[in-house]
Amino acid sequence: MTKQAHANIDTDKYPHINRGLDGIIAFSSTKSAIDGEKGELNYAGYNIDTLAENASFEEVAFLLWNDRLPKADELEELNKQLRAERDLPEPVLEYIRTTDKNAEPMSVLRTATSMLADFDDEATDNSPEANMRKSIRMTARMPAIIAAFSRVRDGKEIVAPLKEGSIAYDFLYMLNGERPGEKAEKVMDICLILHAEHGMNASTFVCRAICSTESEIYSGVTGACGSLKGPLHGGANTAVMNMLLNLDKDADVEAFIRERLAERKKVMGFGHRVYRTIDPRAKHLQKMSKQLAEETDTVYLYEWSDKIQQVMKDEKNIDPNVDFFSATVYYSMGIKPDLFTCIFAMSRVTGWTAHFMEQAENNRLIRPRQLYVGEKNQPWTPIEKR
Ligand SMILES: CC(=O)SCCNC(=O)CCNC(=O)[C@H](O)C(C)(C)COP(=O)(O)OP(=O)(O)OC[C@H]1O[C@@H](n2cnc3c(N)ncnc32)[C@H](O)[C@@H]1OP(=O)(O)O
Ligand SMILES: O=C([O-])CC(=O)C(=O)O
């Protein structure tokens, strides 16, 4: 009955209803520009290709938080702060040690990020200065949470951060218990750059909506984690890998995809609300996926991905998004599929916090309207007569 009420909406009478807020401009922002037709993405004035080729993730974080690139001493200072803040409070480590080993890593990341607020004296200080310090703290600590849970559930000791090098370097060190090579660090760094910011995506919208009530930044990031983990958003990278790993080695991938489409099922890692062509981030990830597959024994996964891309183009004219090739990149690096979305989050925290601070600077409560499609003023029926 309720479903029927939604289906019966007279769209001539209510032309302004916009399911999914598609195309609605709700904010102005200096953080990123997406040209969905051209397949172009800029972060605060810099093309993603330029950043992927030249920047470090830490430089991108500075750019998103300050709308300009850092000078050498500013980058050094930011790196110093990011390294100094990597330790987790003991109760957060204890939560990670004692939570269910089968918990979803994104749920653990969400809960532990929320807990960080309890051990931050500045948690409820909404001043721009405190928000910047908390953004740095969360960016520094989220990788430690992910790595710690990954080790604990595998029955291994938690590895403390080295507090050296880049976020990518220390994350891989904490995850694997050994210092990463230059190439692995570089690949991870580029992945973090590519995932840092993307306009008014669902999780960033959630973060801004939380900010708009004058709540605080840990709540914004916690809510954003909850939004990102859904399979229609950041959770798609895990879903892509699970789809590939569930196929038999001799599977007819083309037939598998055609069958899914015939059943009107979605193929994860494809399609986008804004892009009408290939996601510019996917191009970088595809290149890395191919190279890494050739260096490991996972060439078949790249070949499957390539085939899926062709079928999706032929059948639906739909292109890969950021989640499609990131899946095989992380897999080739030996990372477990259910950690992929966490890696997305440890990058996107920079975009979320940048938007939180931007919203706080120019705030208005976010509160759209709904069209009520139910009954009204019904007579009361006593419980025994219902
Ligand atoms: C980081 C990110 O969040 S990137 C997105 C990650 N999500 C995914 O990869 C999940 C798969 N993709 C999708 O579900 C969608 O493309 C979304 C959610 C990303 C965008 O959704 P919307 O803008 O609402 O588009 P919508 O879902 O209405 O799709 C429009 C049409 O394209 C089809 N379509 C879109 N994506 C796909 C897909 N991945 N596989 C098959 N068909 C698809 C839909 O079935 C629909 O077809 P129809 O008009 O015949 O019904
Ligand atoms: O913009 C979106 O809707 C989703 C996306 O690609 C992202 O958040 O990176």
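Ala, Val, Leu, Ile, Met, Phe, Trp, Tyr, Cys and Pro count here as nonpolar, Asp, Glu, Lys and Arg as charged, and the others, Gly among them, as polar. On this basis, the shell around ligand 2 in the predicted model divides into two nonpolar, five polar and one charged residue. The residues concerned are H198, G199, N201, H272, R273, V274, N321 and V322. Both domain 1 (32-229 + 350-361) and domain 2 (236-332) contribute to this shell, and ligand 2 therefore lies between them.

Ligand 1 is surrounded by 19 residues, of which A236, K266, F270, G271 and R273 are the closest. The shell around ligand 1 comprises seven nonpolar, eight polar and four charged residues.

The protein chain is assigned two domains, domain 1 (32-229 + 350-361) and domain 2 (236-332). Their centres, taken over C-alpha atoms, are separated by 26 Å. Contact between the domains involves 14 residues of domain 1 and 14 residues of domain 2. On the side of domain 1 that touches domain 2, the elements giving two or more residues are β2, α2 (48-54) and α9 (182-195). The greatest contribution to that side comes from α9, with five residues. By class, this side of domain 1 has eight nonpolar, three polar and three charged residues.

Strand β2 (residues 40-43) also pairs with β1 in the antiparallel sense, over four bridges. Within this pairing, A33 stands opposite N42 of β2. The two strands belong to an open sheet of three strands, ordered β1-β2-β3 with antiparallel pairing. Because β1 (32-35) and β3 (46-47) stand at the edges and each has a single partner strand, one side of each is left without a neighbour in the sheet.

Nine of the twelve residues of α6 are buried, so the helix is largely enclosed by the rest of the structure. The buried residues are P105, M106, V108, L109, R110, A112, T113, M115 and L116. Their cover includes α5 (90-98), α7 (128-153), α11 (217-228) and α17 (340-361).

Methods
Residues are numbered from 1 along each chain as its sequence is written. Chains are lettered from A and ligands numbered from 1 in the order in which they are written. This is a predicted model: local features need pLDDT of at least 70, side-chain atom pairs count only at pLDDT 80 or more; totals for chains, interfaces and linings use all residues. A residue is near a molecule or strand if its C-beta atom, placed from the backbone, lies within 6 Å of it. Domain bounds come from an automatic or database domain assignment. Two strands pair if DSSP finds at least two bridges between them. Two residues are in contact if their C-beta atoms, placed from the backbone, lie within 7 Å. A residue is buried if 20 or more other C-beta atoms lie within 10 Å of its own, exposed if 12 or fewer, and partly exposed in between; C-beta atoms are placed from the backbone.
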